[in-house]
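Biologist: I would like to learn how to read the features of a structure like this one. Please show me the general idea each time, then the case at hand.

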Amino acid sequence: MAPNNQLDLERLQRKTVRTLIFGQALGGFGLGSTLSVGAIMAVELSGSTAWSGAAATLSTLGSAFSAIPLANLAYRKGRRVALGFGAALAILGATGMILATILRSFPVELVALFLLGAGSAVGLQARFAAVDLPLERPKAKDLSLVVWATTVGAVIGPNLIAPGESLGLSLGLPHLAGPFLFTIAAQIGSTMVFWFGLRPDPLIVARDLAGLNPNRKRPGMKAAIEVIREFPVAGYSVLTIALSHMIMVSVMSMTPAHLSATNHSLADVGFTISLHIAGMYAFSPIFGWLTDKTSPRVTIVLGQLIFLTALGFAGLGSETFTTIVIGLFLLGLGWSASTVAGSALLSQSLSTDNKTKVQGFSDTLMNLSGAFGGAVSGTILSLYSFSGLNAAALMPVLLIVFATTFSRRWA
């Protein structure tokens, strides 16, 4: 039975956010080591280092192509069904990774990585679930807390590679299969949390309160673009999220290669990326609070200023380890501010009927933008050095600032 007043909605909102935080932490916990182990597996199974990037590419594509179908499923059946189904695809993917190691099959690994990308799509959709209910107060902080929960998996996950390997070997599995046992267990736990915790389902409650028909025609990219044309501020939000992700991925993905080329150790690389990930997730509640207290545009502009500072440190100080570390940490902070505020503005600017149409499209474009940024960054690095890459990343920053200037006309 749906809540019928703001007090009941507030209680349901608190329960929903707690559930999303717990489920998101478990899901991230299980996927934290996927890309690292997947990259190693790709080299082993293909016999070529040229395929080392396949893990990130296939996982990103899986997430991109899962986003819109999962958003449609959420509208028709509720968030808990969509999040649970996405986690089930990730379980199937992790099982496929184990099978790939047993069969020594690279094609099987590629399919499994694509399915594992659905787990990332679940993580992105979970943040929108935190802002489904029609409350009278701003909810950016709630959204940011769900983003923050990813910190747990991002930090702990990679440290499970060695224990996972030992577990797999003790069970008679190939040495790289073991970590995916943790992925399966964590995703099962995440599915259970979403399935039993999201009752009543926040999106179904919002849909019922708005009197919407759950059996409407399934929207795709065309429907999302039509909504954006009608509500340009939603397009500005989507643009901000996508370009911010491109900025972050393009610089972050090439930092290990640059550090290795300048004779830094793997420990230095790991330390730098760990601080970058901390910047991405650990401070997101601060940006959620700031968005609620001021406005999403203020936080987005702050994010771009942080990006400018980050690119300045990493680009101008490209030969100094300390300045690169500072730059990568700030790069994560800029992404956090822009993504939290952009996601909040997207949800605030649309009705319940239009939200899921654009949310799935936004997540798809976000992943594809990241994939594009990662793909072209290698070429830019080889032609213009790490400093040149950071300079090139200024272009999308300026585009966001330019769009922000005009977006006030669309409010």
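Biologist: How are two packed helices described?

Modeller: Two packed helices are described by the angle between their axes and by the distance between those axes. The axes are lines fitted to C-alpha atoms, for helices over the stretch in contact, and the angles run from 0 to 180 degrees between N-to-C directions. Here helix α12 (residues 232-261) and helix α17 (residues 352-392) have axes that come within 6 Å and cross at roughly 40 degrees. Helices are DSSP runs (H or I, at least four residues), as are strands (E, at least two), numbered from the N terminus.

Biologist: Which word describes how α12 and α17 lie to each other?

Modeller: Angles under 35 degrees count as roughly parallel, over 145 as roughly antiparallel, 65 to 115 as roughly perpendicular and the rest as oblique. α12 and α17 are therefore oblique to each other. Their crossing is right-handed; a crossing is right-handed if the near helix is turned clockwise from the far one by less than a right angle, and left-handed if anticlockwise. By class, the contact of α12 with α17 has 16 nonpolar, 13 polar and no charged residues. Ala, Val, Leu, Ile, Met, Phe, Trp, Tyr, Cys and Pro count as nonpolar, Asp, Glu, Lys and Arg as charged, and the others, Gly among them, as polar.

Biologist: What should I know about the model before going on?

Modeller: The model is predicted: local features need pLDDT of at least 70 and side-chain atom pairs count only at pLDDT 80 or more, while totals for chains, interfaces and linings use all residues. Residues are numbered from 1 along each chain as its sequence is written, and side-chain values use heavy atoms, with hydrogens and water left out.

Biologist: At what angle do α15 and α18 pack?

Modeller: Helix α15 (residues 296-316) and α18 pack at about 160 degrees, with their axes 10 Å apart. α15 and α18 are therefore roughly antiparallel to each other, and α15 passes α18 in a left-handed crossing. Helix α15 also holds Gly 303, which is buried at 0% relative accessibility. Buried means under 20% relative accessible area, exposed over 50%, and partly exposed in between (1.4 Å probe, protein chains only).

Biologist: How many aromatic pairs does the structure hold?

Modeller: Rings of Phe, Tyr and Trp (its six-membered ring) pair if their centres lie within 6.5 Å; planes under 30 degrees apart count as stacked, over 60 as edge-to-face and the rest as tilted. The structure holds four such pairs. One of them joins Tyr 281 and Trp 335 edge-to-face, 5.6 Å centre to centre with 75 degrees between the planes. Tyr 281 lies in helix α13 (residues 266-281) and Trp 335 in helix α16 (residues 321-348), so this pair ties together parts that are 54 residues apart in sequence. Tyr 281 is buried, at 16% relative accessible area, and Trp 335 is buried at 5%.

Modeller: Another pair is Phe 402 with Phe 406: the ring centres are 4.9 Å apart and the planes are at 55 degrees, so the pair is tilted. Being four residues apart in helix α18 (residues 394-407), Phe 402 and Phe 406 are separated by about one helical turn. Phe 402 is exposed, with a relative accessible area of 52%, whereas Phe 406 is partly exposed at 29%.

Biologist: Which charged ends sit over rings?

Modeller: A charge sits over a ring if NZ of Lys or CZ of Arg is within 6 Å of the ring centre and within 35 degrees of the ring normal. The charged end of Arg 80 sits over the ring of Trp 195, 4.0 Å from its centre. Arg 127 has its charged end over the ring of Phe 128, 4.1 Å from the centre.

Biologist: Where does the backbone call for a second look?

Modeller: Check omega and phi. Arg 199 and Pro 200 are joined by a cis peptide bond, with omega about -5 degrees, and Pro 200 lies in the loop between α9 and α10 (202-209). Arg 104, which is not a glycine, has a positive phi near 55 degrees; Arg 104 lies in the loop between α4 (79-103) and α5 (106-129). Ser 385 is not a glycine either, and has a positive phi of about 75 degrees. Ser 385 is found in helix α17 and is partly exposed, at 37% relative accessible area.
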